[in-house]
Amino acid sequence: GTWEAGFEPARAIGGIEFLLEYPAEALSEPEVFPATEASRGLAFLGPEDTPGEVKVFLTDPRGFTLPYKAEVDGVGDGFLLEVAFTKAENEAFAVDDFTIRDLKVTDPDGVLLTPVFSSGTDTTAFFERIVRKNLAE
């Protein structure tokens with residue numbers, strides 16, 4: 001569906017930026033890690049001005065591309081980004097509790113590859129979200 005939204009995933013990516021909304025009553029202290037195709041890049045978080053909202057940045061000036069798959073089932077697929085949290089005791093959360101807004105994808109030269117979205121646009125559809133619970137539970 002990314003082609004229909006105006007982004008061709010075969011293009012080399014130099015940076016990804018988005019706002020991640022998460023359930024602040026259940027999770028805190030987010031950390032972000034690049035992985036798979038972006039594993040040589042750098043991922044970091046912006047300041048968390050509002051509880052439950054954090055800006056996520058991923059950059060790799062060498063660029064990386066996304067694999068094309070007609071169907072994604074999650075089995076054996078690696079994560080592009082992994083976000084880890086501290087979970088509050090006795091709190092639950094689900095994949096639908098996470099929303100991605102204001103996605104911006106640029107190529108290694110800084111050219112915008114995604115459409116220009118108005119502030120607050122829900123861009124979750126560009127991602128496959130997978131929630132895993134803490135293995136220590």
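Figure 1. Lys87 is partly exposed, with a relative accessible area of 27%; here, buried means under 20% relative accessible area, exposed over 50%, and partly exposed in between (1.4 Å probe, protein chains only). This is a predicted model, in which local features need pLDDT of at least 70 and side-chain atom pairs count only at pLDDT 80 or more, while totals for chains, interfaces and linings use all residues. Residues are numbered from 1 along each chain as its sequence is written, and side-chain values use heavy atoms, with hydrogens and water left out. Lys87 belongs to strand β5 (residues 81–87); helices (H or I, at least four residues) and strands (E, at least two) are DSSP runs, numbered from the N terminus. A polar atom of the Lys87 side chain lies 2.7 Å from the backbone oxygen of Glu91. Between the C-alpha atoms of Lys87 and Glu25 the separation is 9.0 Å, although these residues are 62 residues apart along the chain.

**Figure 2. The chain as a whole.** How many helices and strands does the protein chain contain? The protein chain has zero helices and six strands, and the order of its elements from the N terminus is β-β-β-β-β-β. Of the 137 residues in the protein chain, 31% are buried. The accessible surface comes to about 8300 Å², and 51% of this area belongs to carbon and sulfur atoms; accessible areas come from the Shrake-Rupley method with a 1.4 Å probe, and for residues only the protein chains shown count as cover. Among contacts (heavy atoms within 4.5 Å) with a separation of 6 or more, 70% involve residues 24 or more positions apart.

**Figure 3. Strand β1 and its partners.** Strand β1 is largely enclosed by the rest of the structure, because eight of its nine residues are buried. Two strands pair if DSSP finds at least two bridges between them. Strand β1 pairs with β4 in the antiparallel sense over eight bridges, and Gly15 has Thr59 in β4 as its bridge partner. Strand β1 also pairs with β6, again in the antiparallel sense, over six bridges; here the bridge partner of Leu19 is Arg101 in β6.

Figure 4. Glu21 is found in strand β1 (residues 13–21). Is Glu21 buried or exposed? With a relative accessible area of 19%, Glu21 is buried. The side chains of Glu21 and Arg101 are joined by a polar contact of 2.7 Å. A polar contact is a pair of N or O atoms within 3.5 Å; within protein, one must be able to donate a hydrogen and the other to accept it, and residues adjacent in sequence count only if both atoms are side-chain atoms. Apart from residues up to four places away in sequence, Glu21 touches Gly52, Glu53, Asp97, Phe98, Thr99 and Arg101.

**Figure 5. The largest nonpolar core.** A nonpolar core is a set of buried Ala, Val, Leu, Ile, Met, Phe, Trp, Tyr and Cys residues joined through side-chain atoms within 4.5 Å. The largest such core has 21 residues, and those with the most contacts inside it are Ile16, Phe18, Leu20, Val56, Leu58 and Leu81. Two or more residues of this core come from each of β1, β2 (27–34), β4 and β6. In soluble globular proteins, nonpolar side chains tend to be buried together. Ile16 is in contact with Val56, Phe57, Leu58, Phe64, Leu80, Leu103, Lys104 and Val105, leaving aside neighbours within four places in sequence.

**Figure 6. Aromatic pairs.** The structure holds six aromatic pairs. Rings of Phe, Tyr and Trp (its six-membered ring) pair if their centres lie within 6.5 Å; planes under 30 degrees apart count as stacked, over 60 as edge-to-face and the rest as tilted. Phe44 and Phe57 form a stacked pair, with 5.1 Å centre to centre and 20° between the planes. Phe44 lies in strand β3 (residues 42–45) and Phe57 in strand β4 (residues 53–64), so the pair ties together parts that are 13 residues apart in sequence. Phe85 and Phe98 form a tilted pair, with 6.0 Å centre to centre and 50° between the planes. This pair links Phe85 in strand β5 to Phe98 in the loop between β5 and β6 (99–106), 13 residues apart. Phe85 is partly exposed at 22% relative accessibility, whereas Phe98 is buried at 7%. Ring pairs link Tyr22, Phe85, Phe93 and Phe98 into a cluster.
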